[in-house]
Amino acid sequence: MDLSGLEPPAAPGRPFARGDFLLVELDRFQGPLDLLLHLIRQQDIDIFDIPIATITEQFLTVVDGIAAEELDEAGEFLEMAATLVRIKAQMLLPRGEEEEDEDPRAELVRRLLEYEQIREISGRLALAEAQRARLFGKGYVEPRIREAADDTPLETTWEDVMEVAMGVEMPRAGGRSHRVTTGLVALEEKIQLILDTLEELTRVEFSQLLTPWKDPMHGVMTLLAGLELSRQRAISLRQARLFSELWLLRKDLDAWRGEVGEEMKGMETGLESLPDMSEGEEGP
Amino acid sequence: MKASQIVESVLFASDAPLKAEEIARADESLDEDRVEEAVQELRTLYDESERAFQVMELGEGYQVLTRPEFSSYLERFDTVPRPSRLSGPALETLAIIAYRQPIGRIEVEYIRGVGSAGVIRTLQDRGLIEVLGRGEGLGRPLLYGTTQRFLEHFGFTSLEELPRPDELPVVLRDRSSLEEEEEGSPPDPSQGELGLDQRQENESAPGNGSASGEERAPEEEPAREDHDPGS
């Protein structure tokens with residue numbers, strides 16, 4: 001069976017692996033109709049003439065992977081699978097003479113079209129919501145105290161997750177051995193970079209600080225530098241929401257210099273060796 | 001004191017949309033028409049003087065909101081009230097309810113193909129939908145519809161602003177075919193194609209987002225879901 005159409009669009013060329021496909025997909029699809037629509041649209045199938053045998057087979061392949069412990073959540077998928085099998089069986093039976101006998105697929109097609117319509121509308125609602133969110137009313141919200149992770153509702157969409165995932169540099173496949181090199185990027189250098197930058201600007205985007213370099217180590221060290229400076233209350237870090245751009249904001253640099261200049265001097269020796277974990281004990 | 005100034009002061013002091021009739025309570029010289037005139041004057045004034053804010057019409061209410069081009073500046077503060085975004089399933093469910101209200105849970109679930117009790121409860125808790133009544137038939141199922149806060153959340157003036165079904169690339173089937181196939185108990189079939197007309201009659205249902213009575217103290221709605229800081 002040709003399953004090329006089943007691959008999630010974000011991972012072209014990725015071999016089809018049933019197990020993780022399902023794990024991901026059950027979350028990715030909002031229900032059996034969503035999955036069916038995906039199968040149909042992905043393969044450019046005429047929705048008014050669905051090759052029910054092929055689609056049923058593909059649908060069952062996906063549903064087959066549902067582990068027993070997931071049955072609760074998967075009930076709807078199984079119900080749809082049953083419907084598909086029933087339709088498939090009805091298609092095989094000779095159709096009665098009376099022409100008023102409806103195509104067994106008709107109701108499914110209606111549901112799919114209606115569901116597609118609803119999805120279109122929810123897309124527009126999301127757009128309206130985003131536009132509305134750009135208008136601010138009066139009010140003051142207490143700076144939030146972080147809730148325990150368990151209490152935080154996960155309010156994100158697959159589009160968001162996809163966007164973030166695409167921004168992550170994937171590790172090279174293949175070589176399993178890691179070459180550990182030390183001391184390539186010094187933390188103090190990054191601290192200095194941030195301080196220099198904030199000398200001129202009142203605030204700077206985190207990504208701005210990384211532009212000249214490719215090596216991810218620069219990102220790591222710049223982040224550590226930012227955290228260190230913010231811990232010392234030399235700068236403040238701002239992020240509008242999860243995964244959005246991180247901003248480094250200048251505080252009163254001069255006052256800070258006076259206060260912690262001494263501490264800073266003491267730190268520098270420790271910091272030099274920080275990337276080099278072999279002598280890491282004396283770090284702050 | 002000019003009427004527009006009185007209206008402006010009321011709008012300025014409010015952090016939620018106010019209906020014209022509510023604003024009119026500010027002074028004996030005001031009535032709904034005067035308030036609407038005043039709002040027009042304020043709009044012109046704000047446009048001409050290039051204010052960073054505007055008078056928006058949300059649902060049946062008016063509220064002073066910043067203009068969209070300033071959002072990037074405000075987003076840097078976590079102390080500004082910001083509405084939380086709805087999840088995909090929540091949007092999907094809302095879309096169905098908005099177009100088909102009054103509608104029962106079973107029908108929503110049939111259209112979505114998945115159980116929706118949890119999403120419906122969440123939407124209800126957030127004041128975006130409300131119970132409009134009970135349907136005929138087995139178990140007299142609860143029927144849901146959208147609220148004023150739904151309109152506020154999406155920045156709509158009325159349900160008419162939702163895209164018309166014929167503007168959409170796919171056509172919604174008409175209700176009758178659903179009722180035949182529906183194993184649940186469909187609600188009152190007397191409503192129009194979209195059930196939008198029905199909404200007006202239910203406007204007086206409790207909890208449709210507008211505080212009634214004179215004592216509209218600002219503390220009354222401190223926990224507006226739209227401004228939920230927790231997400």
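1. B:Val114 is buried, having 24 other C-beta atoms within 10 Å. A residue is called buried if 20 or more other C-beta atoms lie within 10 Å of its own, exposed if 12 or fewer, and partly exposed in between, with C-beta atoms placed from the backbone. B:Val114 belongs to the loop between H6 and helix H7 (117-125) of chain B; helices (H or I, at least four residues) and strands (E, at least two) are DSSP runs, numbered from the N terminus. Leaving aside neighbours within four places in sequence, B:Val114 is in contact with A:Gln30, A:Gly31, A:Glu76 and B:Glu109, contact being defined by C-beta atoms, placed from the backbone, that lie within 7 Å. The C-alpha atoms of B:Val114 and B:Pro89 are separated by 9.7 Å, and these residues are 25 apart along the chain.

2. On provenance and numbering: this is a predicted model, in which local features need pLDDT of at least 70 and side-chain atom pairs count only at pLDDT 80 or more, while totals for chains, interfaces and linings use all residues. Residues are numbered from 1 along each chain as its sequence is written, and chains are lettered from A and ligands numbered from 1 in the order in which they are written.

3. On the interface: 44 residues of chain A are in contact with 49 residues of chain B. On the chain B side, the elements that give two or more residues are strand S3 (61-66), helix H4 (71-74), helix H5 (88-100), helix H6 (105-112), helix H8 (148-154) and helix H9 (175-181). H5(B) gives the most to this side, with 8 residues. By class, the side of chain B that touches chain A has 24 nonpolar, 15 polar and 10 charged residues. Here Ala, Val, Leu, Ile, Met, Phe, Trp, Tyr, Cys and Pro count as nonpolar, Asp, Glu, Lys and Arg as charged, and the others, Gly among them, as polar.

4. On the nonpolar cores: the largest has 64 residues, and those with the most contacts inside it are A:Leu36, B:Leu94, B:Ala95, B:Ile96 and B:Ile97. Such a core is a set of buried Ala, Val, Leu, Ile, Met, Phe, Trp, Tyr and Cys residues joined through C-beta atoms within 7 Å. H5(B) supplies the largest share of this core, 8 residues. Apart from its neighbours within four places in sequence, B:Leu94 is in contact with A:Leu125, B:Leu86, B:Leu123 and B:Leu128. A second, separate core of 11 residues includes A:Val204, A:Ala225, A:Ile235 and A:Leu248.

5. On the overall build of chain A: the chain holds 10 helices and 3 strands, which follow the order α-α-α-α-α-α-α-β-α-α-β-β-α from the N terminus. Of its 284 residues, 19% count as buried. Among contacts in chain A between residues at least 6 apart in sequence, 60% join residues at least 24 apart.

6. On helix packing in chain A: the axes of helix H2 (residues 32-42) and helix H5 (residues 106-132) of chain A come within 10 Å and cross at roughly 95°. H2(A) is therefore roughly perpendicular to H5(A), a term covering 65 to 115 degrees; angles under 35 count as roughly parallel, over 145 as roughly antiparallel, and the rest as oblique. Axes are lines fitted to C-alpha atoms, for helices over the stretch in contact, and angles run from 0 to 180 degrees between N-to-C directions. The contact is made by A:Leu33, A:Leu36 and A:Leu37 of H2(A) with A:Arg111, A:Leu112, A:Tyr115 and A:Glu116 of H5(A). These residues divide into 5 nonpolar, no polar and 2 charged.

7. On the sheet of chain A: three strands form an open sheet in the order S1-S3-S2, with antiparallel pairing; two strands pair if DSSP finds at least two bridges between them. Strand S1 (203-205) and strand S2 (235-239) of chain A stand at the edges with a single partner strand each, so one side of each has no neighbour in the sheet. The twist averages 25° from one strand to the next. Helix H7 (residues 187-200) of chain A packs on the sheet, touching S1, S2 and S3 of chain A, and its direction makes about 65° with that of S3(A). Helix H9 (residues 216-231) of chain A lies across S2 and S3 of chain A, at about 120° to S2(A).

8. On the strands of chain B: 5 of the 6 residues of S3(B) are buried. Strand S2 (residues 53-58) of chain B runs antiparallel to S3(B), joined by 6 bridges, and B:Phe53 has B:Thr66 as its bridge partner in S3(B). In the hairpin of S2(B) and S3(B), with 2 residues between the strands, B:Gly59 takes a positive phi near 60°.

Conventions
Two residues are in contact if their C-beta atoms, placed from the backbone, lie within 7 Å.
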